[in-house]
Amino acid sequence: MIAIRNVSKVYEGTKNPAVRDLSFDVPTGEVVALIGPSGCGKSTTMRMVNRLVEPDSGTISIDGEDVRSLRPETLRRHIGYAIQGVGLFPHWTVAQNIGVVPGLLQWDRTRIAERTHELLDLVGLDPAVYADKHHDELSGGEAQRVGVARALAADPPVLLMDEPFSAVDPLTRDRLHAEFRKIQSALRKTVLFVTHDMDEAAQLGDRIVVMRDGGLVQQDTPERVLAYPVDDFVASFGGTERALRRLSLAPVTEALYTPNTAGAEGPSVASTASLREALAIILKAGLPSIPVRDGDGAVVGAVSVESIVERFRRPLT
Amino acid sequence: MSRIRHLAAPVAAAAAYLVIAAATPAWRQVLGAVFPGESRLLYPDATPLALVWQHLELVLISSALSVAAGLALGVFVTRPAGADFYGVVADLTNLGQTFPPVAVFTLAVPLLGFGLRPTVLALALYGVLPVLRNTISGIEGVPADVLESASELGMRPWQRLLRVELPIALPVIMAGVRVSVIVNVATATIGAIAGAGGFGAPIINGLVNLAPAITLEGALLAAGLALTLDALFGGVERTIAHRERAAATAR
Amino acid sequence: MFRVANVFQTIPGLAMVGLLFAPLSWLGTNVPLLGRLGVGGLGWAPVITALTLYALLAVVRNTYAGLASVPDSVVEAGLGMGMTEGQVMRSVRLPLALPVIFGGIRISAVQTLGNATLGAFVAAGTLGLFVFGGLSQQAMDLVLLGSITLVALALGLDAALRTAQRLVTPRHARRTEAVR
């Protein structure tokens, strides 16, 4: 777990603090999204965890150990780091890029090669094709995947990510989000990532921390932040489509009901889908309700506009 | 008023330079103190100030020619009429960059003869290169959409050139002129060997006759002129940039 | 530092040599060790000194530009992954900056070749002897001989160093080769 306690930072030559007495936790195995407008201090905060920036006051500890107790290089070799713009080393191949931290940790060659292979598979890039490519031969989405693979290379327990998916088109980004969720559910890393996109924060985060002017404004699950914003600022961050965003966070099974009629013909929605997808299908079909099918195609119930609205109106626990 | 501020210091420096050059007795005194016992203190054939005028004459005339030729050629080659010559000219400028300046000068002098006029021509020849190169790159650096707006406003080609392209390219062109002039000062120093006068004369005289004071006189005058001119150009460049910034913010 | 190197660059070559004449003569006479090495107002000392000062600017400027051209994200990634500053410099910045640095070396080398002709003025020989000596005696053949050789050497050196520069450029940068 990452424990951030009363951390403050004022950059030289500026009057206002970049970070003011900030405290929050990133529980082990969870993803916390740091979100806020430009200049709110989220990137600074993240960089204080791996000491690229040193706080003026306060402490940060990982699993109980103060980050200052280690040499910065040593600390960073055990933290995965993925940034906007990726920063792939252009003079090295993809494989060499991924092998950097294991190399710094002095793993032997075979182990590095195996791990590289494993990671490329994990991020959906065929090792045979991609291992020897260079940065300029990759598309934006491919480069970001390599960035993630590189961050995971030495199997660090903690990951820091600064808008790692922002430099690609929305379609690719959705795909990368889905893959990240899949990887994270398997690996259960402790992840702190920074974003300015509420959708991304809601999609990837188990918890959202909203920052403004260096301070913490609200900290909660994505759905609660969208449903119960603590002030107008957070509400506007959620955007005017807050309600629709919330819909994409809840699975369709939460609005399931058993219909009176069998009605198993026509369009249906998978039980793994979100309320939002279900609503989209309902609207497109022009029907009052549609069946919900599980993985084997069997009908497990139905969902309708009313049941969705009803679920929506239910207060969150 | 504020734009003149950039020129104030360089102009003052230039004035100081001329004043110092004119003070022949001071030179004698200072050099005499640095080289006690040395009787050959000053270049016998011309006073320091006379040397300055000689050298300036060389530099200014040849630079004027260089700038005119470089500008004209650069403009020509970037017009539709001159497009055919663009490749050749571009290649020549690239080649010319590798040419030692001295070589252009020394190759030209035998062809053009000795004395003042041929030396000036030879100097002008090498000086064309930086001006030409920067004129081309400056004009090419004018954004395409600005050119389009100018055409749409109904400007004829030569109006566009004078009122849009050249003013925008001016800073880059000016940088090229600056390089040309400064290199010119250096090459003109060597021009003395072709009988053209200037600072090279005392420098070489002193080296040949082992009269360090005379060499120092020439060297100081040469270095001083080069630095003063460079400072003046710097001031001009900053004034241009300042004026553009002011115009931009006024929009 | 740029300012200083820039000032040196502005001073005409012959003037630089002239400025060095007196101090180097003094050093040669008054410091026996240097005198024995051949330091003096004439000879190799003023030429080498002047050439070095001139070469300095091009190399320094290009080295700085080369190192600065390494994208910030790459340096940050390196540091963030746990490289020390030294490792970042050695493994990342220098290799990536090398083409530009080498370009500066190339430009400087060709320039120095031309400047070396100044040696003729201080009894240090060089092609300048043909070129300037020829001029002062109005001997066209000497001037041409010297000048053509000089140009040939300059072009040859430039070509050779460009090839070397290409070899030093890592494959990834060759696509966008803007060799200056």
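The C-alpha centres of domain 1 and domain 2 of chain A lie 35 Å apart. Domain 1 of chain A covers residues 2-246 and domain 2 covers residues 250-313, with bounds that come from an automatic or database domain assignment. The structure is a predicted model, in which local features need pLDDT of at least 70 and side-chain atom pairs count only at pLDDT 80 or more, while totals for chains, interfaces and linings use all residues. Residues are numbered from 1 along each chain as its sequence is written, and chains are lettered from A and ligands numbered from 1 in the order in which they are written.

Helices (H or I, at least four residues) and strands (E, at least two) are DSSP runs, numbered from the N terminus. Strand 7 of chain A spans residues 158-162, and five of its five residues are buried, so strand 7 is largely enclosed by the rest of the structure. A residue is buried if 20 or more other C-beta atoms, placed from the backbone, lie within 10 Å of its own. In a regular strand, side chains alternate between the two faces of the sheet. Both faces of strand 7 of chain A are covered, with Val158(A), Leu160(A) and Asp162(A) buried on one side and Leu159(A) and Met161(A) buried on the other.

Strands pair if DSSP finds at least two bridges between them. Strand 6 (residues 79-83) of chain A runs parallel to strand 7 of chain A and is joined to it by five bridges; here Tyr81(A) stands opposite Leu160(A). Five bridges also join strand 7 to strand 8 (residues 190-195) of chain A, again in parallel, and Asp162(A) stands opposite Val194(A). Together with helix 8 (residues 170-187) of chain A, strands 7 and 8 of chain A make a right-handed β-α-β unit: with the strands pointing away from the viewer, the path from the first strand over the helix to the second runs clockwise.

Chain C touches both chain A and chain B. Residues are in contact if their C-beta atoms, placed from the backbone, lie within 7 Å. Between chains C and A, 16 residues of chain C are in contact with 19 residues of chain A. Helix 5 of chain C gives the most to the side of chain C that touches chain A, with seven residues. On the side of chain C that touches chain B, helix 8 of chain C gives the most, with nine residues.

Note on methods. Buried ≥ 20, exposed ≤ 12 C-beta atoms within 10 Å, placed from the backbone. Contact = placed C-beta atoms within 7 Å.
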